[in-house]
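Visitor: I'd like to go through this one with you, pockets to begin with. Could you bring it up on the screen?

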Amino acid sequence: MHKPRIIIVLILIAVMMIFTSCRNNDNDYDLNENNLDLNVSECADKLKENIPFEDTITAIDDKMGIAIYQLNTEDVAEQKVYVSTGATAEQIAVFEATDDNAAKRIETAVLQRITEQIESYQDYLPEEVPKLSDPFLMVTGKYVILCVSDHNEDVEVVLDKYYGF
Amino acid sequence: MVGKKMLYIQQKLMLLILIITVVFSHPNYVESIDAENVPDQVPSPAPPVTKYVAVADDYFNDAVFIGDSRTEGFKMLSGPLNAVYLTSIGLKVDTVAVEALSEVPFKKVFIMLGINELGWVYSELFIEKYGELIDNIKKIEPQAQIYIQSILPVSRERSESDSIYNNENINKYNELIQQMAVNKNIFYLNVAECVTDEEGYLYSDASTDGIHLNKKYCDQWFEYIKTHVVFEQ
């Protein structure tokens, strides 16, 4: 007599679990690479607000963002880039590429800039090299997220908190 | 009778006129009137006010900026997007890839170098190499207007704690740079004055490390350039 009830309860629990995992609320982002819809400006701002950077970092013009990372304009749909004054190598760059292949090209360009910066800072400010050597760089679908700081763990916390990454 | 009466009236009138004239011409009376209406002294002409006109953004269409990390920061934060930049962290007077200028059209050059050379043993070598750089630029484009910018100051905290990057060394180098500008017949742009406080230091809120400027002060630097260049109206 109890068995059917137990089965019904288990089915209800299973249905609730499935329903909950599919539910979207204001703070959840679909992690499925094909359905990502990230506000790159907001993402960059969240990182700026929540990571304890040593230097003052400032958002730059989109054209300058394209220039410093030597990107193809056609590859970039949206972007927000923060740079430091030069006192440190700290930076934030969040890109929405036009497609996944463009995202890979952006990633390559970003890594190239990081490599060049390591070379520059080696003699100039060697204490900046460790953060350049271990940047937070994530590519997910058409999105590329770069953050150079001494707080990669905090970056992960921020992205997890606001975007579920 | 009528004639005598007229004469009498005429005499009285003349007497009245005389009295009025005497009263109004008395110095005290004149002074009292003047004191009410005339200031104590005539104001001298105000000194002429020099108004600087900022050039338009397209002025930098054919401009090149050459510099070290400070100019690199200027480029990213405030500099004209339409200019060409030959900048890099740690750049010095003898490491500028000036040959790259052969590939870009330019008519104006803005240079700021020197802070990375403050530790050189011989300042004369710095000026010699700076002079060679200028000569090479002139060879590539003889008609270019060349502006040498003064080295920006550092903060009090930096200046008082650093044996190399301090304002005493910077001021010494700026004197040499200014003289070189005279010798080479090029422009000396004293941009340092727009970010220097009353005591000769970089403003305390201009930088986190006392050397590299934030956007607010890079904006002031650019504004100084725009209002101090030579142009034809």
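Visitor: What volume does the largest pocket have?

Guide: Bear in mind that this is a predicted model, where local features need pLDDT of at least 70, side-chain atom pairs count only at pLDDT 80 or more, and totals for chains, interfaces and linings use all residues. A pocket here is an open set of points on a 1 Å grid over the protein atoms alone, where a 1.4 Å probe fits, with protein on both sides within 12 Å along at least five of seven lines. The volume is the space filled by probe spheres set on the points, which are joined across faces, edges and corners. For the largest pocket that comes to about 670 Å³.

Visitor: Which residues of its lining are closest to the centre of the largest pocket?

Guide: Lining residues have an atom within 4 Å of a point. Residues are numbered from 1 along each chain as its sequence is written, chains are lettered from A in the order in which they are written, and side-chain values use heavy atoms, with hydrogens and water left out. Of the 35 lining residues, the closest to the centre are Ile68(A), Arg113(A), Glu72(B), Lys75(B) and Thr87(B).

Visitor: Why is strand S3 of chain A largely enclosed by the rest of the structure?

Guide: Buried means under 20% relative accessible area, with a 1.4 Å probe and protein chains only. Gln91(A), Ala93(A), Phe95(A) and Ala97(A) point one way, Ile92(A), Val94(A) and Glu96(A) the other, and all are buried. So S3(A) is largely enclosed because its buried residues number seven of seven.

Visitor: Which residue of S3(A) is the bridge partner of Val83(A)?

Guide: Strands pair if DSSP finds at least two bridges between them. Seven bridges join S2 (residues 76-83) of chain A to S3(A), running antiparallel. The partner of Val83(A) is Gln91(A).

How values were computed. Buried < 20%, exposed > 50% of the residue type's maximum accessible area, 1.4 Å probe, protein only. Helix = DSSP H or I, 4+ residues; strand = E, 2+ residues; numbered from the N terminus.
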